[in-house]
Amino acid sequence: MHSLKLSTTLIMNNKKIPIPSPSPSPSPSPPLAPPTPQLISKTLLKPTSTPKWLPLNLSKSELSLPLTFPTGQTFRWKQTGPLQYTGPVGSHLISLKHLPNGDVSYCLHSSSSSSSKAEALMALRDFLNMGICLSDVWEVFSASDSRFAELAGHLGGARVLRQDPLECLMQFLCSSNNNIQRITKMVNFISSLGNHLGTVEGFEFHEFPSLERLSSVAEQELREAGFGYRAKYITGTVKLLQSKHGGGLEWLLSLRKLDLDEAIDALLTLPGVGPKVAACIALFSLDQHHAIPVDTHVWQIATRHLLPELAGARLTPKLCSRVAEAFVNKYGKYAGWAQTVLFIAELPSQKAILPSHFSNAKPNKSVKRKIMETKIAEDGTEER
C-alpha cells in the first residue's frame, strides 16, 4: 500500500457534536435458513402504535437517504416507505425519513438495552458521521474539480457512514465476488442470529450478533445457508478475532487510531480480506476517510478523469495504489468521500437521472476486456 501524508487544512463545521464509541450493530430481514435459536433480551421495548418522529437537524444537502443507504455501504437498512429507511444502530431500531422540505427526521422504534433516548440519538449521530459537515467537505472537492462541482448539484447529501467495525467486516466478507441480492440474503442470515429488535413494514430487524454468538456458528451451517467458500472466511475471521489480546472488538476499534497503511495491513491478516475489502472496511467503519476501494468502476473513473494515460492498462496491485494516490492528491484527506460520490454517479439508478454528458464517456472494447479480466482479481477468489 502507499504511504500518504495529507493536508489538514479542511475547515469543518463550527458545531462539534460529541461522538460516543459505537456499540455493536443490529440488522434486517429473514434468514436463508432457520438459525440456531437465541433468547431475546427481556429489556426489549415494544414499538409504539404511533411512532413519534423528531427532527434530526440535518438538511437533504447534508444527508440524502436514497444516496446513502442503498448504494453499497451497508446491506442492513431497508426502504420502509417513500423516502424512508429503517435499520439497526447498535441496540436501537430506528427509521429515518425526509420531510416535504427535504429535512431528515428520525423515529426510535425500540431498543434491546436500557439506554435512554438521548443515548440512542448519540449512537445515531455517530453512525451518520454527523461530526463532519458535508457541505464544507464538498466545497473543497468542488474547488479542485469542476466536474465534481457539477455533480454535486445532482448528488447532494451522499454521506459516508461510520459503522460498527465488526458489522462492517462481516458484511464485506459476504460481498466478495457477489451480487447485491445474494449479499443481502447472506447478511440477513448473519443478522438474524442477534436479538430481535422489531418489525417495520414487514421487515424483521435484529441487533448484530456478538462475536461470541458468531463463534457458535459452524462453517457447514453457513455453507448450507448459501455462503459457499465465504463460510470458511467468516468462521476463520471470527476465530482469529477471538484470539486477539483484549478481544476482537477492541482490536478492530484500535485500528481507528492507526495510519491508513497500518490499518489496511492489519485487516489483510484476516481470512478472506483482500485490498478492496480492507479499503471498504477502513472507509466505512474505521475513520480512514482517504481510503479508496479500487474496483473496476473506480478504475474506469480514474482512467477517464484522473489517469487517462493508464487507459487500456491491466489493473495490478501497483496500479491500484497509484489510483488511490491519484484520488488523494486530487481531493485530499476526505478523498474516500469524493470517490464514494463518483462511484454513486456510475450506478445505473443514478445514470438514468443525471444529464447525459456525465455518462457519454465509455471505455472502448479493449479497455472493457482488460477490465473484465481483472474483475476476479479484485477480491482475491473466484466462486467455486
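**Salt bridges and cores**

Mentor: Arginine 162 and aspartate 126 join their side chains in a salt bridge, at 2.5 Å from N to O. Residues are numbered from 1 along each chain as its sequence is written, and side-chain values use heavy atoms, leaving out hydrogens and water. The model is predicted: local features need pLDDT of at least 70, side-chain atom pairs count only at pLDDT 80 or more, and totals for chains, interfaces and linings use all residues.

Trainee: Why is the pair of arginine 162 and aspartate 126 called a salt bridge?

Mentor: The term requires a side-chain nitrogen of Lys or Arg within 4 Å of a carboxyl oxygen of Asp or Glu. The pair has 2.5 Å from N to O, so it qualifies.

Trainee: What parts does the pair tie together?

Mentor: Arginine 162 lies in the loop between α3 and α4, and aspartate 126 in helix α1 (residues 117-127), so the pair ties together parts 36 residues apart in sequence. Helices are DSSP runs of H or I with at least four residues, and strands are runs of E with at least two, numbered from the N terminus. Asp126, Arg162 and Asp287 are linked in a network of salt bridges.

Trainee: How do you know whether arginine 162 counts as buried or exposed?

Mentor: Buried means under 20% relative accessible area, exposed over 50%, and partly exposed in between (1.4 Å probe, protein chains only). Arginine 162 has 12% relative accessibility, so it counts as buried. Aspartate 126, at 2%, also counts as buried.

Trainee: What makes a set of residues a nonpolar core?

Mentor: The members are buried Ala, Val, Leu, Ile, Met, Phe, Trp, Tyr and Cys residues joined through side-chain atoms within 4.5 Å. The largest such core has 88 residues, of which Phe227 and Phe327 touch the most other members.

Trainee: Why does this core lie between domain 2 and domain 3?

Mentor: Domain 2 (164-288) and domain 3 (292-354) both give residues to the core, so it lies between them; the bounds come from an automatic or database domain assignment. A second, separate core of 19 residues includes Leu63, Tyr106, Leu124 and Leu128.
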